[in-house]
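Here is a short walk through one protein chain. Keep the sequence and the model side by side as you read.

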Amino acid sequence: MSKFGETVCAIATPPAVGGISVVRISGERAFDIAAKVFKPVSGKKITEMRGYTAAYGQIYDDGKYIDDGVILVFRAPHSYTGEDVCEISCHGGIYVTRRLLTACLKAGAGPAGAGEFTKRALLNGKMSLTQAEAVADIISAQGEQSLACSNVQREGALFRRAEKISEMILEISAQISAWIDYPDDDTPAVTEEWLVEKITAVKSELDELLADYDTGRIIREGISCAIVGKPNVGKSTIMNALLGHRRSIVSDIAGTTRDVVEETANIEGAVLRLCDCAGIRETEDEVEKIGVELALEKLRNADIVLAVFDGSTELSDEDRRLFGLLKNKKIVALVNKSDLETKLDFEELKSRFGEVVQITAKDEKSAEILGREIIKRLNLANFNADAGFIANERQRACVLRAADEVNEASLAVRLGVTPDAIGVSLEQALDAIYELSGKSASEEVIAGVFERFCVGK
C-alpha cells in the first residue's frame with residue numbers, strides 16, 4: 001500500500017534464541033522482495049501464490065543459502081495491515097534471523113518503525129485507534145483479567161461506545177442545524193426541554209466512561225498494593241503467602257524489613273504489584289527512617305492497602321498513627337496471628353474500617369482469603385469490560401474534553417443561550433470523541449500512541 005510509505009520489513013518475534021523466528025514484509029512490493037530471498041522447493045512463484053497459503057523452501061542472502069524456512073502469503077486487503085504481506089519463518093537463532101532481515105533489506109524493503117504494521121492497519125481502516133492501543137495492551141498483559149479486557153477492547157468495545165456517543169451528539173447538532181436553516185419547514189422545534197433531555201443523556205454516557213477509568217486502569221496496569229503496619233505484625237509473611245514463595249525475610253526482630261520489597265503476583269486472575277513496606281514507626285536509625293519514608297510514599301500511591309495489625313497484642317500508638325494515614329484509601333484491614341490468644345480490641349478497628357479480616361499468615365489458605373478480599377474491595381468482579389472502557393490517559397483526556405464541552409452546552413441551555421451557540425460546544429465535544437476513536441486524530445496523536453509499540457508489531 002504505497003500511499004502510506006514504502007514496503008517495509010522487521011523481525012516480528014522476540015530477539016532471543018527459540019524454535020523459530022519470523023520476519024514480516026508488508027507493502028506493495030512484498031511479494032517481489034520475498035521472491036528474491038525465498039525459493040519454494042515446489043518451484044512455484046511467490047507472486048502467484050494465493051492468499052492464506054504457505055510454502056516450504058530455502059532462504060538466500062545475495063544468492064547464498066542461509067537456512068530452510070516457511071513462507072506465509074496474505075493478499076491485500078485480507079491481511080493484518082491491509083496490504084500484501086509475507087511472513088518468512090526461519091530457525092530461531094539470533095544470527096540467522098538477522099541475516100534474513102538483512103537479506104530482505106538488501107532486496108529493497110525499508111526498515112519498519114515501532115508499531116509500523118499496526119499503524120498501517122489503522123491507516124488502512126482495518127482497526128480503530130482504540131483497537132490499535134489494545135494490541136499493545138494484549139502484548140503487555142500479565143494476567144487473565146488484563147488479557148481478557150484487552151481482547152474486548154481489540155474487538156472494538158470502546159470504539160462502539162464512542163460511536164454511540166458521537167451519534168447521540170450528531171442527532172442533537174443535526175436537529176439544531178435543521179431548525180435554524182429551515183425554519184419554515186415542518187422541522188420540529190428545538191425546545192429547552194428537548195435539549196436538556198438529549199444533552200443529559202450524552203453527559204450520562206460520558207460520566208459512566210470516566211467513572212470506570214480507575215478500574216480499567218488497574219486491570220490493565222496491575223493493582224498497586226501496599227502492605228503496611230508497625231514492625232513485626234507479619235507483613236513479610238503475608239507478602240510471601242501471596243507470592244507462594246519466600247521473597248521477604250521473616251524474623252521476630254522488629255525492623256527486619258528496612259526497604260520496600262516489590263514483587264508481582266497473580267491473584268484471582270488479576271495482577272497484584274505487591275509492596276512489602278518497612279514497619280511504620282518512629283525510629284532513630286537513619287537507614288530505617290529512609291525505609292519508613294518510602295513506605296509512606298507507597299501507601300499514598302497504592303490502589304489498595306493491606307493494613308496489618310497483630311491480633312495477639314493490644315492496639316498501640318503506632319497502630320493508631322496508622323489510622324490517620326489510611327484516610328481516603330481503599331483498605332483491607334487485616335488482623336494477623338489469629339492462631340494466638342486475642343488481645344486486640346476488634347471493636348475499635350471495626351469503628352475505623354468497618355469489616356475486618358482475620359487470618360493466620362502462615363496458613364496456606366490466607367492468600368486465597370486475601371485475594372478474594374482485594375477483588376471485592378476494588379469491585380473488580382462487577383466490572384463489565386464488554387461495555388467498553390477507557391484504558392489510558394490519552395483516552396481519558398479525550399473523554400474529559402468531551403465532557404467539559406457537553407457541560408458547557410448544558411449550562412448554556414439553562415442560561416437561555418441560542419441553539420446555534422450550543423451547537424458550537426457540541427461540535428467540539430464531537431471532535432474530542434472522534435479523536436478518541438481515531439476518526440480525526442492528528443498525526444502527532446497517532447505517533448504518540450505508537451511510540452510504546454515494539455518494532456515488528
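Is asparagine 232 buried, partly exposed or exposed? This is a predicted model, and in it asparagine 232 has a relative accessibility of 32%. Buried means under 20% and exposed means over 50%, so asparagine 232 counts as partly exposed. Asparagine 232 sits in the loop between strand S8 (223-228) and helix H9 (235-243). Its phi is near 70°, a positive value in a residue other than glycine.

Asparagine 379 also has a positive phi, of about 60°, and is not a glycine. Its loop runs between helix H13 (366-377) and helix H14 (393-414). With a relative accessible area of 42%, asparagine 379 is partly exposed.

Another backbone feature lies at proline 77. A cis peptide bond joins alanine 76 to proline 77, with omega at about 0°. Proline 77 belongs to the loop between S5 and strand S6 (85-92).

Strand S5 (residues 64-74) also holds valine 70. Valine 70 is partly exposed, at 33% relative accessible area. On the surface, Val70 forms a nonpolar patch with Val41, Tyr56 and Leu72. Together these four have about 330 Å² of accessible area.

Now go inside. The largest nonpolar core has 35 residues. Ile223, Ile238, Leu242, Leu274, Leu306 and Leu334 touch the most other members. Elements that each supply at least two residues include helix H8 (213-221), S8, H9, strand S11 (304-310) and strand S12 (331-336). Beyond its sequence neighbours within four places, isoleucine 223 contacts residues including Ile218, Leu272, Ile304, Ile374 and Leu380. Apart from this core lies another, of 32 residues, among them Ile165, Met168, Ala412 and Leu426.

Glutamate 268 is in the loop between strand S9 (261-267) and strand S10 (270-276). At 48% relative accessibility, glutamate 268 is partly exposed. With neighbours within four places set aside, glutamate 268 contacts Gln145, Gly371, Arg372 and Ile375.

Which residues of helix H16 (residues 443-450) are buried? They are Val445, Ile446, Val449 and Phe450. These residues cover an arc of only 130° around the axis, so they lie on the same side of H16. Glu443 and Glu444 are exposed on the other side. The cover over the buried residues includes helix H3 (116-123), helix H4 (129-140), H14 and helix H15 (419-437).

Side chains of opposite charge can pair when their charged atoms come close. The model has 28 salt bridges. In one of them, arginine 394 meets glutamate 133 at 2.9 Å, N to O. Arginine 394 is in helix H14 and glutamate 133 in helix H4, so the pair ties together parts 261 residues apart in sequence. Arginine 394 is buried, at 18% relative accessible area. Glutamate 133 is buried too, at 3%.

Lysine 164 pairs with glutamate 205, and their closest N and O atoms are 2.9 Å apart. Lysine 164 lies in helix H6 (residues 157-181) and glutamate 205 in helix H7 (residues 192-211), so this bridge ties together parts 41 residues apart in sequence. Lysine 164 is partly exposed, at 42%, whereas glutamate 205 is buried, at 14%.

Arginine 220 and glutamate 221 form a salt bridge at 3.4 Å, N to O. Both belong to a network of salt bridges that also links Asp137, Asp214, Arg217 and Asp303.

Note on methods. Residues are numbered from 1 along each chain as its sequence is written. This is a predicted model: local features need pLDDT of at least 70, side-chain atom pairs count only at pLDDT 80 or more; totals for chains, interfaces and linings use all residues. Side-chain values use heavy atoms; hydrogens and water are left out. Patches are made of residues with over 30% relative accessible area and no salt bridge: like charges are joined within 9 Å, nonpolar side chains (Val, Leu, Ile, Met, Phe, Trp, Tyr) within 5 Å. Accessible areas come from the Shrake-Rupley method with a 1.4 Å probe; for residues, only the protein chains shown count as cover. A salt bridge is a side-chain nitrogen of Lys or Arg within 4 Å of a carboxyl oxygen of Asp or Glu. Helices (H or I, at least four residues) and strands (E, at least two) are DSSP runs, numbered from the N terminus. Buried means under 20% relative accessible area, exposed over 50%, partly exposed in between (1.4 Å probe, protein chains only). Contact means heavy atoms within 4.5 Å. The arc is that of the directions from the helix axis to the C-beta atoms. A nonpolar core is a set of buried Ala, Val, Leu, Ile, Met, Phe, Trp, Tyr and Cys residues joined through side-chain atoms within 4.5 Å.
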